[in-house]
Amino acid sequence: MAYNERGSKRFDDIGRFEAPEICALPASLENISKTGCKVQFKLPVTLDMDNEYEAKITFARAAAEGALVLLCKPQWMKEDAGVTEIGFEILPSRDFTRLAEYVSQLHLEESDSIEDQISDSSCQII
């Protein structure tokens, strides 16, 4: 988990990012927040940084709930050794509310995990 410049908490998560206008093959989702995501294409891609793209994001842990259809605007792009990473801002769109609920669930699970770690640890004073 990390914070982006906008202050939204990012969560490492895996999933499928499909945006046919960018590439016929899907990208891998690397992290997600309420306002953006980072994806990785395993090949070089070209896109218009000023364009908005409709994307379908399917989270591996919630695949049974179906894909979220979101409007995304590229913020940065990096290509290295034939792999392209792209950071997208997620704009208010059709499944924006479902995304917010999903990210809130990730936040709750992380908080529960931290509380469990704290309650399971013990200090010993000698």
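Mentor: A salt bridge here is a side-chain nitrogen of Lys or Arg within 4 Å of a carboxyl oxygen of Asp or Glu. The model is predicted.

Trainee: By this rule, to how many salt bridges does the count come?

Mentor: Side chains of opposite charge can pair when their charged atoms come close. Under the 4 Å rule, the count for this model is 8 salt bridges.

Trainee: Which parts of the chain does the salt bridge between R61 and E109 tie together?

Mentor: The closest N and O atoms of R61 and E109 are 2.7 Å apart, which makes a salt bridge under the 4 Å cut-off. The two residues are 48 residues apart in sequence, so the pair ties together separate parts of the chain. These are the loop between β5 (53-59) and β6 (68-80), which holds R61, and helix α1 (residues 96-120), which holds E109.

Trainee: Which residues do salt bridges that share partners join into one network?

Mentor: R98 and D95 form a salt bridge. Elsewhere, salt bridges with shared partners build one network, made up of E30, K38, K78 and E85.

Trainee: What is the phi of A81, and where is A81 found?

Mentor: Most residues other than glycine have a negative phi. A81 is not glycine, yet its phi is positive. At 76% relative accessibility A81 counts as exposed. A81 is found in the loop between β6 and β7 (83-91), and its phi is near 55°.

Trainee: How many aromatic pairs does a search of the whole structure find, and which strands hold F17 and F88?

Mentor: The search finds 2 aromatic pairs. F17 and F88 form a stacked pair, 5.0 Å centre to centre with 25° between the planes. They are 71 residues apart in sequence, so the pair ties together two separate parts: strand β2 (residues 9-18) for F17 and strand β7 for F88.

Trainee: What is the relative accessible area of F17 and of F88?

Mentor: Both residues fall under the 20% cut-off, so F17 and F88 are buried. The relative accessible area is 0% for F17 and 1% for F88.

Trainee: Which distant parts of the chain does the pair of F59 and Y102 link?

Mentor: F59 and Y102 are stacked, 3.9 Å centre to centre with 15° between the planes. Both are buried. They lie 43 residues apart, and the parts linked are strand β5, with F59, and helix α1, with Y102.

Conventions: Residues numbered from 1 in each chain as written. Predicted model: local features only at pLDDT ≥ 70, side-chain atom pairs only at ≥ 80, totals over all residues. Heavy atoms only, no water. Helix = DSSP H or I, 4+ residues; strand = E, 2+ residues; numbered from the N terminus. Buried < 20%, exposed > 50% of the residue type's maximum accessible area, 1.4 Å probe, protein only. Phe/Tyr/Trp six-rings, centres within 6.5 Å; stacked < 30°, edge-to-face > 60°.
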